[in-house]
Amino acid sequence: MKIVKKLCPEERYGIKCPYEREADRIVVHNTANDAPAVNEIAYMINRPEEVSFHFAVDDKEAVQGLPLDRNAWASGDGLGAGNMRGIHVEICCSKSGGERFQRAEENAAELIAGLLRERGWGLERVTKHQDYDGKYCPHRTLDMGWERFLGMVKEYLEEDGMDYQRFKEFMERYNREISGRAVSGWAGESWEWAKERGLLDGSAPKAPLTREQAAMVLSRVLSGEEKA
């Protein structure tokens, strides 16, 4: 399924997603109208209210509107767990229902399964808007059966294997995440020692070390090439 990024400009973060956070769940919604995903995201970004969500999914694609490491105002619980720790997915075309909505639900189930798989999460992390403020949302998904929808997610989640593109995307995301992490306190002195002697360049202390990189470091140490 195609995923398009149309991210909110940083100057609007104060209204749409002011808090950095670490997500620990998915929250599912229905849009209650028939607009396509790209329109839903554009409208969300441009409207002046504190209303926001991370993804809109229609019968053709998923569109991301907010960074996943920032909150959204979608589940009506203020600074509660839904808004502050949820990745919010709006399923489009729910006003009229029918085949377009069914395809949008399928795409949303695939997207959600991918988000779960990337993070090593299980199906229990998938929640609904109703869980946070009692609103009957996702309305059409609830009408058709919440357990039915979870079953769709489960099918995608349990698909065997990982194709090359999915593996590549996973590794790129993983490498981006670890590249900015600071050195652990217990390793700080040794890390500075290695940097001062030119054995390491001082970047990405949490990144894995390849065999060729290890060979280079060892050769410098054993040959006395490190800085005095």
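Helices here are DSSP runs of type H or I with at least four residues, numbered from the N terminus. With that in mind, welcome to this predicted model.

**Helix α10 and its end**

Helix α10 covers residues 211-223, which makes 13 residues.

**A nonpolar patch**

Which residues form a nonpolar patch on the surface? They are Leu-218, Val-221 and Leu-222, and together they have about 310 Å² of accessible area. One of them, Val-221, lies in helix α10. Val-221 has a relative accessible area of 35%, and because this falls between the cut-offs of 20% and 50%, Val-221 counts as partly exposed.

**The cysteines**

How many disulfides does the structure hold? The number is zero. Cys-8 is one cysteine without such a bond, and the nearest cysteine sulfur to its own belongs to Cys-17. Cys-92 is in no disulfide either, and there the nearest cysteine sulfur is that of Cys-93. A pair counts as a disulfide only when the sulfur atoms are within 2.5 Å. The table gives the distances.

| Cysteine | Nearest cysteine sulfur | Distance |
|---|---|---|
| Cys-8 | Cys-17 | 5.2 Å |
| Cys-92 | Cys-93 | 5.6 Å |

Are these two cysteines, Cys-8 and Cys-92, buried or exposed? Cys-8 has 4% relative accessibility, so Cys-8 counts as buried. Cys-92 is at 0% relative accessibility and therefore counts as buried too.

Terms used. Residues numbered from 1 in each chain as written. Predicted model: local features only at pLDDT ≥ 70, side-chain atom pairs only at ≥ 80, totals over all residues. Heavy atoms only, no water. Helix = DSSP H or I, 4+ residues; strand = E, 2+ residues; numbered from the N terminus. Expected span 1.5 Å × (residues − 1). Buried < 20%, exposed > 50% of the residue type's maximum accessible area, 1.4 Å probe, protein only. Patch = residues over 30% accessible without salt bridge, like charges linked within 9 Å, V, L, I, M, F, W, Y side chains within 5 Å. Areas by Shrake-Rupley, 256 points an atom, 1.4 Å probe, with all protein chains shown as cover. Salt bridge = Lys/Arg side-chain N within 4 Å of Asp/Glu carboxyl O.
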